[in-house]
Structure formats: structure tokens, C-alpha cells
Amino acid sequence: MFRVFVIAALAAVAVAQNPDADAQILSSDSAVNPDGSYSWNYETSNGIRAQEEGVGGQSAQGSASWTDRDGTPIQLTYVADENGFQPRGDHLPRESPVPAHVLKTLEFIRANPPKDDPNFNIQALEAEIARLQAIQ
């Protein structure tokens with residue numbers, strides 16, 4: 001009898017810790033077209049919404065929204081393409097400004113590029129310097 005009580009108590013705690021366990025799907029739709037393009041979307045009773053559209057194997061863009069356990073509304077948008085997965089949302093960590101000495105070092109390397117390194121790419125270095133300067 002004690003085992004049954006312990007198992008029931010553990011099950012009750014597990015259900016109480018997951019308030020989303022009873023969420024229902026309110027709407028769901030998807031389409032795959034002959035040209036490889038697709039789209040899907042869904043919404044659940046606990047406020048989760050998501051959608052995506054794209055071309056299989058080439059690109060996708062979408063969004064999702066939900067309420068975090070602390071009550072914070074979360075909005076996520078993303079693009080995935082030849083530049084990789086690029087998520088955006090206020091809840092995501094942001095890149096910190098680069099320290100001045102790092103930019104100074106990169107500028108020095110740009111002004112004095114290595115002459116014996118066949119893998120050195122000045123265009124990549126210039127692009128990175130521009131990217132880092134943009135987040136200052």
C-alpha cells in the first residue's frame with residue numbers, strides 16, 4: 001500500500017510541475033508544393049504559436065511565440081539560408097562590444113598582413129572588423 005501511495009504522489013508532483021501537459025492543438029496546417037516550397041503553422045491552447053515557410057534544402061523563415069514560465073512573452077523570428085541560422089528575439093543573448101585592444105590588434109594585422117600564410121584572407125578580416133565596429 002505504501003508503494004502505491006509513493007507512486008501516486010510522484011505522479012501528482014510530475015503533473016503539477018508541467019502545466020502544459022494538458023495543452024491541446026487548436027489549429028495546424030501544412031503544405032508541400034511540387035516545386036519544393038513548403039509551409040506549416042500551428043497554435044496550441046497554452047498560447048504557443050509557430051509558423052515557417054521555405055524551399056526545402058535552400059531557405060526557411062519563420063516565427064514562434066509563447067509565454068515563458070515566469071510570464072514573459074517570448075517572440076522569436078528566424079531566417080535560415082546560405083548564411084546559416086539567424087534567430088532574432090529580445091530574449092536571446094546579444095553579442096557584447098569588442099574590447100578596444102582587440103579592434104586595434106585586428107587593425108594592425110590589416111595594415112601588416114602576413115606575407116607567408118596562404119590561408120590569410122584580407123577580405124574576411126575586413127568583413128570581421130566591419131562587423132565588430134557595427135556592434136560598438
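Which residues make up the largest nonpolar core? The six are V98, L103, L106, L125, I129 and L132. A nonpolar core here is a set of buried Ala, Val, Leu, Ile, Met, Phe, Trp, Tyr and Cys residues joined through side-chain atoms within 4.5 Å. Keep in mind that this is a predicted model, where local features need pLDDT of at least 70, side-chain atom pairs count only at pLDDT 80 or more, and totals for chains, interfaces and linings use all residues. Residues are numbered from 1 along each chain as its sequence is written, and side-chain values use heavy atoms, with hydrogens and water left out.

**Overall layout**

- The protein chain has three helices and six strands; helices (H or I, at least four residues) and strands (E, at least two) are DSSP runs, numbered from the N terminus.
- Reading from the N terminus, the order of elements is α-β-β-β-β-β-β-α-α.
- Of the 136 residues in the protein chain, 15% are buried. Buried means under 20% relative accessible area, exposed means over 50%, and partly exposed is in between (1.4 Å probe, protein chains only).
- Take the contacts (heavy atoms within 4.5 Å) between residues at least 6 apart in sequence: 17% of them join residues at least 24 apart.

- The top contributor is α3, with three residues.

**E52, a buried charge**

- You'll find E52 in strand β3 (residues 49–55).
- E52 is buried but has no salt bridge, and the nearest side chain of opposite charge, R88, is 15 Å away. A salt bridge would take a side-chain nitrogen of Lys or Arg within 4 Å of a carboxyl oxygen of Asp or Glu; for charge, Lys and Arg count as positive and Asp and Glu as negative, while His and the chain ends are not counted.
- What E52 does have is a side-chain polar contact of 2.5 Å with Y78. A polar contact is a pair of N or O atoms within 3.5 Å; within protein, one must be able to donate a hydrogen and the other to accept it, and residues adjacent in sequence count only if both atoms are side-chain atoms.
- Beyond residues up to four places away in sequence, E52 touches Y38, S39, W40, A60, Q61, G62 and Y78.

**Aromatic pairs**

- The whole structure holds two aromatic pairs. Rings of Phe, Tyr and Trp (its six-membered ring) pair if their centres lie within 6.5 Å; planes under 30 degrees apart count as stacked, over 60 as edge-to-face and the rest as tilted.
- W40 and Y42 are a stacked pair, 5.9 Å centre to centre with 10° between the planes.
- Y78 and F85 have ring centres 5.6 Å apart and planes at 40°, so this pair is tilted.
- Y78 is buried, at 12% relative accessible area, whereas F85 counts as exposed because its relative accessibility is 53%.

- S63 lies in strand β4 (residues 59–67) and is partly exposed, at 24% relative accessibility.
- S63 and E52 are 11 residues apart in sequence, and their C-alpha atoms are 6.5 Å apart in space.
- T44 belongs to strand β2 (residues 37–44) and is buried, with a relative accessible area of 11%.
- The side chains of T44 and N46 make a polar contact of 2.3 Å.
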